[in-house]
Amino acid sequence: MSQVFHEIEKKIILSLRDNPKQSPETLEKSTQLSPDQIRRGIEWLRLKDLAIVTESKSSIIRLGKNGIESFQKGLPERRLLNLLKTGPKKLSDLQKELGFVFGPSMGLARKNNWVEASSDQISIKNIPSELPGEKTIKLIGENKISKDKIDIDDLTTLLKRPDFIIEDIITSKEISLSDSSKSIKLTESSGEIDVEAKVPETFVARTHPLKDTIDEIREIFVTLGFSEILGNMTQSSFWNFDALFTPQDHPARELQDTFYLDKINAKKIGTAEQIRKVSESHKKNWRYQWDISEAKKMVLRTHTTCVTIKHLAENKPDEARFFSLGRVFRNEKVSYKHLVEFNQIEGVVVGKDASLRNLMGIQREFYKRIGITKIKFWPTFFPYTEPSLQTMVYNEKLGKWIELFGMGIFRPEVTKPLGITKPVLAWGGGIERIAMLKYDLDDVREFYNNNLGWLRSTTKCQ
Amino acid sequence: MPVVELSYSRLQKLIGKVSKKQIADSLPFLGLDIESENQDLVRIEYSPNRPDYSTDFGIALGLQGLLGIKTGIVKLNVKKSTKYPIIVKSSVSKIRPFVTGIVAKNGKIDDKTIKQLMTMQEDLHFGIGRKRKKSSIGIHDLDKISFPLVYTTTDRDHTFIPLNSEKEIAITEILSKTIVGKDYGPLLGQSSQVPIILDTNQKTVSFPPIINAAVTTVTTKTKNLFVEVTGINKEDAEDMLSVVATILQSAGFYLESVKISGSNNSTPKLEQKKIKVSSSLINQILGLNLTPSKITSSLKKSRLDASSKGSIITCTIPAYRFDIFGSMDLVEEVALGYGIQNLEPTISPSQTIGKINPVSIQLKSLDQTMIGLGFLEALNSSLSSKRVLYEMTNRDSSKIISVLDSKSQEHTILRDSILPGLLENLSRNIHETYPQKMFETGIVFGLDNPVSEKINFSGISAHKDANFTEIKSILQSALKIGFGINIETKTITNPTFEDGHCASVVLDNSQIGIIGKIDSKIIENYKIRVPVVGFEISLSESILKSL
């Protein structure tokens, strides 16, 4: 335990030695410190077990709106009795005079036998010198007063009445020195401070943790020789689905899975040749009436593959490596594992390296660089790649294999109509999944809550 | 992806000499994901392109191949028969023109088999049937039917006892009162006539694609089955039939043909097809160097037949493998038969130079600058709500872009501004220590030919002394250090900001955004208890340079 004390602590200790039990308010007066300095000083001493803070609760009484009125004008029943002092009065006159308090005051007066009524004349029968409640009203007046200084019986009659009495619970603190503080020697200050004391937290400004993972993945792709392409989040169904050989009546294209923009259609979806060849591929292989109006419907992209295929169709490279990274959308119920909007990374390799084993090799290298070494590949199905695989990575925490990226080689039914002649290896997956592993999160919504508590405290992942 | 529940012990009986572990280890290499296991029961996810995997019979065929227990094609043995004619009337041609069918005899049907067949039927209806629109199946007790059958149309007041019912009801009632009627009735359109299959005694067999008649219900006592498939496209109907026929044959039934005639209909052929592929394509795509004989044996493990002549492989494909379109599909079949686990990943050195998109580089540099200025980065969804975007912030909502049928009320409108989301973030963090300073860069959307996407940049600062000077100083420094540009501010009024504390952000005489103190009513809307200042500018046209 450090025995270095702050000036504030010294002043408080000295004051408490003179006067062993004090409230923070009296300490303020005796030490000439500000309320904030007193608060901090007490807290420091308490943490060092040098001060004892005892809290006590007390009940404070003050008058409510009707109570104040009664303090100023007298209780309603007193006002009634006062009116009758000069002789019997008509019920209707009393009513006019007293307004809406007439009813309750008349009730009380009759119940207590203070008045009597004959036909419609009211007259005094017998008035006590002090009515119930009058003592309390006078005592409180316009001030606050502790409940234990009041005649409880007299108070109770007022507590039942609306807005007469307001009761506040006040917490008061009493500070005293602990035994261990009594032996402390307070030396004159030589400028030293308590270097072991706790200090307040400083909040770091930082990039978003998910953005850090996105940036890390971007860097990895670049070091593997890939260039970044960007594309729109809003896309025509043509590029999001038709160009990728997804038939127009495919369940994935339905409203419950995909976000369609309300009343907005693409004006131009592709070149005449692209449209003709894509529609022919659909008609021939899927055997249905391809409808251009269906292809013109605008959607929020369900994958970044639409950006990739559009880029390929426009550039028709013989040899290339590029990637596309960004938000994609699914019309799902939001839950701890599903978001309507999440980030996807997608990479493609065009050209002579394009073999399935090579695709697997690039995957293995990618995972190695983000720190995942236990992986395996399983066959799977995607509408636009053939052959298709998925990567399974081992999650130590869950103790099981989980699915990460999907991959495959674009089908000729996809590439040929768009004039792409070389094989295209493609793979992709959700970035949030990887980020969840890295930040040890089990609720994907955390990334978009912008909860400052989490953002300010999460350790940066390297 | 559809899920099917199987039992290991049943699979073991179907496959032959194999352990439970061998099955569990091999399933993923058929493309089947094990979703969960509970003692003998296993739930498996299969791809919608392989409806034959909707039953344990189909999965057993696949595993036999993969494990080398039985390889090569599963040949359909259909005995030609004239005993089962179906005559098609022309009246169906405009509603549901095609019918096809098959007879399956002498099978044993236990409860589990019935359950498997029903799952298969439902999955076929959903997948290739496109919710029964393209094609649908009826499976019946053959012995309750007198041939020939007629596939024709009938009035909507036609009555019969439907499956799972005891009383005779009219078609109008089936369509308006039963779940299947309500779900699938709309497929029949508005016409007064609906399709019907009647037997020779005018007894109703089926009301496709809605429901079968109760009289032909399949039970554990059923020995012989009649399967009919109806649809709007002949090939789709026959594809569906080929799956059912293959599964029934695997389940131990003997198949006999149904003779179909009339109105462009004909007896199904359920033919195999042949596709040629060169071994060099296979080796190039897989990155292997397999001999033609290794290729053919791999294809056989995938339950296809194959022969080689030189480097050309000729592959025979059964009718139920209609997912095989061309040579690339065969490459995948070779890969599966060869075993994905046997493919060793390789990496060839990159011959390309990677590069980050210039826009990403500039945005990252802006992020770093803002962090230097003490601002924390926030990320919000592009899909937001009318409440956050317009109601809370008093903004003009005349040009909103909304999505159809969102399952989440908080995600219905594409954001046209970032600032409201940041204010919402402050609102959720009122219990956290101040000052709170956040920024976000992201896409905002606008109605324009048909939708424009621009990158905006917004920042906010909330604490008890927050003021205009502070936020202007922040924006000015960020743009000066981040991009080397100088901005000016010009007095304006805006409903989100407080009058007298609001300015437009001007760069080279054009307005690129807005800056100021958020109006106190809006602060109140968000239940924030400290002053908030903020800005939002567009980066796309004026600041970001793209190549």
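A salt bridge is taken here as a side-chain nitrogen of Lys or Arg within 4 Å of a carboxyl oxygen of Asp or Glu. In the predicted model examined here, the rule finds 10 salt bridges across the interface of chain A and chain B. One of these joins the side chains of R287(A) and D236(B), with a distance of 3.1 Å from N to O. Polar contacts also span the interface of chain A and chain B, where 41 residue pairs are found, both members at pLDDT 80 or more. On the side of chain A that touches chain B, helix α16 (residues 356-369) of chain A provides the largest share, eight residues. That side of chain A comprises 43 nonpolar, 21 polar and 27 charged residues.

The extent of the contact was also computed. Chain A contributes 91 residues and chain B contributes 87 residues. About 7,600 Å² is buried between chain A and chain B, and carbon and sulfur atoms account for 56% of this area. Of the area that chain A buries against chain B, 10% is supplied by R287(A), R357(A) and P379(A), more than by any other three residues.

S36(B) lies in strand β2 (residues 33-38) of chain B. S36(B) counts as partly exposed because its relative accessibility is 33%, a value between the limits of 20% and 50%. When residues up to four places away in sequence are not counted, S36(B) touches L41(B), V42(B) and R43(B). From S36(B) to L544(B), the separation is 508 residues in sequence and 50 Å in space, C-alpha to C-alpha.

Methods
Residues numbered from 1 in each chain as written. Chains lettered and ligands numbered in written order. Predicted model: local features only at pLDDT ≥ 70, side-chain atom pairs only at ≥ 80, totals over all residues. Heavy atoms only, no water. Contact = heavy atoms within 4.5 Å. Buried area = accessible area lost by both parts, 1.4 Å probe. Polar contact = N/O pair within 3.5 Å; in protein donor to acceptor, adjacent residues only side chain to side chain. Helix = DSSP H or I, 4+ residues; strand = E, 2+ residues; numbered from the N terminus. Nonpolar A, V, L, I, M, F, W, Y, C, P; charged D, E, K, R; others polar. Buried < 20%, exposed > 50% of the residue type's maximum accessible area, 1.4 Å probe, protein only.
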